[in-house]
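Have the model open and follow along.

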Amino acid sequence: AKQSGPPPPRQMDDRAAALLKAIEAKWMGVTSRTISREGVDANTVLTAAGETGVHACIRFQGERNDPYYEPELRCLLRHGASPNVRTDTGSTPAHVAA
């Protein structure tokens, strides 16, 4: 089933790159500031594959067998990130986790 509502914003600029880097490095304070002060939507598409920050957290956690992405994930969810957004190929974060 497709998600309802508008697709997530595509923001492949320096602010989106900064958000992805902060998530990958587990810099929760920078993640929070990038969303709240820099105005990056928590559901912004951050990769060419259509991943949002939630997708990226799950992917980094799986690739690195690193459970410490949970605080980043919680931070994104607190800022309104949706766990139901789909990538360009239709994958949700739950698909990425499987």
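Start with glutamate 51, which is buried because its relative accessible area is 9%; buried means under 20% relative accessible area, exposed means over 50%, and partly exposed is in between (1.4 Å probe, protein chains only). Keep in mind that this is a predicted model, where local features need pLDDT of at least 70, side-chain atom pairs count only at pLDDT 80 or more, and totals for chains, interfaces and linings use all residues. Residues are numbered from 1 along each chain as its sequence is written, and side-chain values use heavy atoms, with hydrogens and water left out.

- What does glutamate 51 pair up with? Its side chain meets that of arginine 59 in a salt bridge, at 2.9 Å from N to O. A salt bridge here is a side-chain nitrogen of Lys or Arg within 4 Å of a carboxyl oxygen of Asp or Glu.
- Arginine 59 is partly exposed, with a relative accessible area of 23%.
- Arginine 59 also forms a salt bridge with glutamate 63, and the closest N and O atoms there are 3.3 Å apart.
- Both arginine 59 and glutamate 63 sit in helix 3, 4 residues apart, which is about one turn of the helix.
- Glutamate 63 counts as exposed, at 52% relative accessibility.

**The overall layout**

- The chain has 5 helices and 0 strands. Helices (H or I, at least four residues) and strands (E, at least two) are DSSP runs, numbered from the N terminus.
- Reading along the sequence, you get the pattern α-α-α-α-α.
- The chain has 98 residues, and 39% of them count as buried.
- Take the contacts between residues at least 6 apart in sequence: 68% of these join residues at least 24 apart. Contact means heavy atoms within 4.5 Å.

**Helix 3 against helix 4**

- Two packed helices are described by the angle between their axes and the distance between the axes.
- The axes of helix 3 (residues 53–64) and helix 4 (residues 70–78) come within 9 Å and cross at roughly 170°. Axes are lines fitted to C-alpha atoms, for helices over the stretch in contact, and angles run from 0 to 180 degrees between N-to-C directions.
- That makes helix 3 roughly antiparallel to helix 4. For the cut-offs, angles under 35 degrees count as roughly parallel, over 145 as roughly antiparallel, 65 to 115 as roughly perpendicular and the rest as oblique.
- Which residues make the contact? Helix 3 brings Gly53, Val54, Cys57 and Ile58, while helix 4 brings Glu72, Leu73, Leu76 and Leu77.
- By type, the residues of this contact are 6 nonpolar, 1 polar and 1 charged. Ala, Val, Leu, Ile, Met, Phe, Trp, Tyr, Cys and Pro count as nonpolar, Asp, Glu, Lys and Arg as charged, and the others, Gly among them, as polar.

**The nonpolar core**

- The largest nonpolar core has 17 residues, and Leu19, Ile23, Leu46, Phe60 and Leu76 touch the most other members. Such a core is a set of buried Ala, Val, Leu, Ile, Met, Phe, Trp, Tyr and Cys residues joined through side-chain atoms within 4.5 Å.
- Helix 1 (14–25), helix 3 and helix 4 each supply at least two residues of this core.
- Helix 3 gives the most, with 5 residues.

- The structure holds 5 salt bridges, and one of them joins the side chains of lysine 26 and aspartate 66 at 2.6 Å, N to O.
- This pair links distant parts of the chain, 40 residues apart: lysine 26 is in the loop between helix 1 and helix 2 (28–36), and aspartate 66 is in the loop between helix 3 and helix 4.
- Lysine 26 counts as partly exposed at 32% relative accessibility, whereas aspartate 66 counts as buried at 14%.

**Two threonines to find**

- Threonine 47 lies in the loop between helix 2 and helix 3, and it is buried, with a relative accessible area of 12%.
- Threonine 87 is in the loop between helix 4 and helix 5 (93–97), and it counts as buried at 11% relative accessibility.
- Leaving aside neighbours within four places in sequence, threonine 87 is in contact with Ala49, Gly50, Glu51 and His55.
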